[in-house]
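Morning, everyone. Let me walk you through one model, starting at the ligand and ending at a salt bridge.

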Amino acid sequence: MEDMNYKISQRAASLSPSLTLAIDSKAKAMKAEGLDVVGFGAGEPDFDTPQHIKDACAKALAAGFTKYTPAAGIPELRSAIADKHKRENGLTYKPSQVIVSCGGKHSCFNVIFATCEEGDEVIIPAPYWLSYPEMVKMAGARPVIVETTDKTEFKLTPDALRAAITPRTRLFVLNSPSNPTGSVYTPAELKALGDICVEKNVLIMSDEIYEHLLYDGATTKSVASFSPAHFEHTIIVHGFAKAWSMTGWRLGWCAAPEPIAKAIDAVQSHSTSNPTSFAQKGAVAALTGPQDHLPIWLAEFDKRRKFAWAKLNATPGLSCVNAKGAFYLFPNISKTGLKSTEFCAKLLEAEKVAAVPGIAFGADDYIRLSYATSMANIEKGLDRIENFCKTLVK
Ligand SMILES: *Cc1c(COP(=O)(O)O)cnc(C)c1O
């Protein structure tokens with residue numbers, strides 16, 4: 001055998017391996033051994049995709065809708081998405097400004113890939129969704145992480161945004177409601193951040209995938225909607241994964257100013273081509289069909305959220321801000337004296353509870369708990385977390 005030189009590209013070599021993987025695989029191994037592990041790691045709703053969406057997909061499949069579609073998605077779906085933005089957000093996009101991709105994650109990648117390059121800076125508030133910085137690095141640009149804490153409910157202040165902007169800043173990544181914190185910016189807060197981006201001519205990638213998952217009367221508004229200038233500076237990322245529980249379908253979209261949409265279309269046409277043809281028919285049904293699953297899911301999420309939030313704040317050593325969106329809570333563990341990786345490893349070992357260390361999201365004093373799991377699991381898991389914390393805090 002020749003000596004092989006498996007040289008790894010700079011782009012691939014620069015990526016951080018998933019910090020959550022070690023705990024996740026340990027939890028899975030423990031489960032496989034038959035141990036009673038409670039998992040709070042879920043990044044997806046625990047509800048089934050609504051039946052009418054599955055039916056529309058099955059019908060398309062049976063009818064032979066199994067060939068290539070236009071790379072950016074079927075016209076019917078791009079129109080339905082444009083209609084959604086008109087109806088719900090008051091935004092006027094032409095279908096040509098909408099690009100359907102293989103998940104919201106893929107849409108984020110496309111947006112960053114099409115707009116950022118060597119020398120560019122991308123401002124990402126922490127705690128962040130863990131893929132953003134890695135995507136920025138893959139595009140050759142530099143992630144500029146700006147920390148926030150629970151003191152501001154994990155919201156970036158306008159002053160902090162302004163201070164982070166340099167002549168090299170290309171993109172600002174906004175995600176409200178947030179994964180991992182569940183935090184929701186008010187419309188006024190969103191406008192203030194958007195105003196700065198307009199003034200400084202910085203593009204905003206607004207990841208609005210949790211738009212519909214709001215509690216306690218919280219409201220949100222797309223940052224694109226505050227003025228024509230805000231519209232021209234914003235690229236919306238959205239998808240079907242969360243509000244329609246379609247994570248495995250791999251369907252998301254972006255809505256962007258025309259030149260950016262064109263560039264993304266070109267990128268996609270040479271990488272994945274179209275998202276799965278028959279899945280797109282299901283997505284049309286998701287947007288145009290009944291939405292009555294949503295209030296039912298929201299009521300269930302809200303019940304769990306309220307219970308978990310109260311219980312966490314009654315647990316010695318923990319404190320948790322009231323998160324009004326998505327399906328995550330992000331308690332502060334600093335009073336336990338442990339950092340997040342050690343906390344989660346010991347928690348799994350001692351109490352068989354799997355949580356995600358905050359360091360994966362750039363916040364080592366916190367852990368992420370998803371309440372996209374049954375109330376019975378939440379009760380059992382939080383009791384165990386309480387037991388664990390009692391051993392740490394006198
Ligand atoms: C779930 C999620 C997405 C998109 O996920 P896909 O499964 O790729 O559609 C995008 N952004 C955030 C913050 C998410 O949590």
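Some ground rules. This is a predicted model, where local features need pLDDT of at least 70, side-chain atom pairs count only at pLDDT 80 or more, and totals for chains, interfaces and linings use all residues. Residues are numbered from 1 along each chain as its sequence is written, and side-chain values use heavy atoms, with hydrogens and water left out.

Now the polar contacts, meaning pairs of N or O atoms within 3.5 Å. Asp207 places a side-chain N or O atom 2.6 Å from a ligand nitrogen. Arg250 has a polar side-chain atom 2.7 Å from a ligand oxygen. Lys105 uses a polar backbone atom, 2.8 Å from an oxygen of the ligand.

How much of the ligand's accessible area does the protein cover? It covers 94% of the 380 Å² that the ligand has on its own, by Shrake-Rupley with a 1.4 Å probe.

Last, salt bridges: a Lys or Arg side-chain nitrogen within 4 Å of an Asp or Glu carboxyl oxygen. The count is 25. In one of them, Arg305 meets Asp216 at 2.9 Å, N to O. Arg305 lies in helix H12 (293–313) and Asp216 in the loop between strand E6 (203–207) and helix H9 (228–233), so the pair ties together parts 89 residues apart in sequence. Helices here are DSSP runs of at least four residues, strands of at least two.

Conventions:
Polar contact = N/O pair within 3.5 Å; in protein donor to acceptor, adjacent residues only side chain to side chain.
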